[in-house]
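Visitor: I would like to learn how to read a structure like this one. Could you take me through it feature by feature?

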Amino acid sequence: MAIIIIIKRLTQGTLTTIFEVLIHLGLFVWDILLTLYNHVVPRRPVGRVVQEGHPGFNGQWPEYVPPSTGDSRCSCPALNAMANHGILPHDGRDIKFTELGKAVREVYNFAPTFCFFGPKHAADFLARNYWTDAFDLADLDAHNCIEHDASVVRVDSYEDPDQGKIPKALVEEVVSCGTGPGGQLVEADISRLMGKRRVEAKRANPKYSLSLFHKLFGSWNCSTLLRIFGGRVDDLRVILGEERIPDGWEPRFRRPMGLTILEFNFTVLPVEFSVKEEVDGSIDAAGKERYGGAGGATTASVPDAGAKKQD
């Protein structure tokens, strides 16, 4: 009997691995083709990024209704906003993984490849079937699924397990740190802010963890503020602080097949690898007053993310 079980498990594991490799290979090729297509056809006109028949066409978004007691919300303001507008179920419950990607594409103009990869990753992390299963928004806050330490728009789950709460102080820090024209956010602002948050989180959170994958995932989230929202702080104050889609808003990325994984990474990677705290010792030093013994009492200073560039 044991031999039969072993053979079945090995067979299932091998077939699953082959299937996953084929999916990711196909996703990679598909994403490259979509990127190339995006660069040979015209962008969608301003005011027509959201397609007719979809929520948000012509800047008309469904009515905003704040969440009620018992509604499920998560650490992602963009998903919460979709639920608050009824684009996802308002109670945030029983959402099909396959339906999530479609809705995200229609609202935020991410490419089909991106909209497959994100929900598929979440389903795999939660040990569910992407093709048939469903989830509540709060399920995504299983630690290190989409929720992770040192987020710029959420306190660590160690500090507050309810990741649906909006931390007003962090949101204000995001929208006030821009050094671009009119105070808009640019790549350097995001890198500076992420570095500051990583130092703060590691210093305050004795269970702090942030793998390379989640550093990159955090940079993906932050880069959305630049590529989809254009770094425009007036819009970000609403989407992050109220989890509401601003009246008349549309995605700032206008290529017809949406923002692909490949093109997105041309923003994500410079943002991530420009976090100077990763190399100047600030993150290594943070928290050593707690666990590093007498020699760890001195920590590197945390830069002010809101500091403006000097001419």
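Predicted model: local features only at pLDDT ≥ 70, side-chain atom pairs only at ≥ 80, totals over all residues.

Visitor: Which residues of H3 are buried, and what do they pack against?

Guide: Buried means under 20% relative accessible area, exposed over 50%, and partly exposed in between, with a 1.4 Å probe and protein chains only. In H3 the buried residues are Phe97, Leu100, Gly101, Ala103, Val104, Glu106, Val107 and Tyr108. Their packing partners are helix H2 (77-84), strand E1 (95-96), helix H4 (112-125), E2 and helix H8 (233-241).

Visitor: Is Asp156 buried or exposed?

Guide: Asp156 counts as buried, because its relative accessibility is 6%. You will find Asp156 in the loop between strand E2 (134-135) and helix H5 (168-175). Contact means heavy atoms within 4.5 Å. Beyond its neighbours within four places in sequence, Asp156 contacts several residues, including Gln163, Arg197, Asn205 and Tyr208. A polar contact is a pair of N or O atoms within 3.5 Å; within protein, one must be able to donate a hydrogen and the other to accept it, and residues adjacent in sequence count only if both atoms are side-chain atoms. The side chains of Asp156 and Asn205 make one, at 3.0 Å.

Visitor: How many aromatic pairs are there?

Guide: A pair of aromatic rings is described by the distance of the centres and the angle of the planes. Rings of Phe, Tyr and Trp (its six-membered ring) pair if their centres lie within 6.5 Å; planes under 30 degrees apart are stacked, over 60 edge-to-face, and the rest tilted. The whole structure has 15 aromatic pairs. In one of them, the ring centres of Phe110 and Phe264 are 5.9 Å apart with planes at 65 degrees, so the pair is edge-to-face. Phe110 sits in the loop between H3 and H4 and Phe264 in helix H9 (residues 261-273), so the pair ties together parts 154 residues apart in sequence. Ring pairs join Phe110, Phe114, Phe117, Trp220 and Phe264 into a cluster.

Visitor: What is the volume of the largest cavity?

Guide: Rolling a probe the size of a water molecule over the atoms shows where empty space is left. On a 1 Å grid over the protein atoms alone, a cavity is a set of points where a 1.4 Å probe fits but cannot get out; lining residues have an atom within 4 Å of a point. Points are joined across faces, edges and corners, and a volume is the space filled by probe spheres set on them. The largest cavity has a volume of about 790 Å³. Of its 43 lining residues, the closest to the centre are Cys76, Ile146, Phe217, Asn221 and Thr224. Helix H7 (212-227) gives the most to this lining, with nine residues.

Definitions and conventions:
Residues numbered from 1 in each chain as written. Heavy atoms only, no water. Helix = DSSP H or I, 4+ residues; strand = E, 2+ residues; numbered from the N terminus. 1 Å grid on protein atoms, 1.4 Å probe; cavity = no way out; pocket = protein on both sides within 12 Å on 5 of 7 lines; lining within 4 Å.
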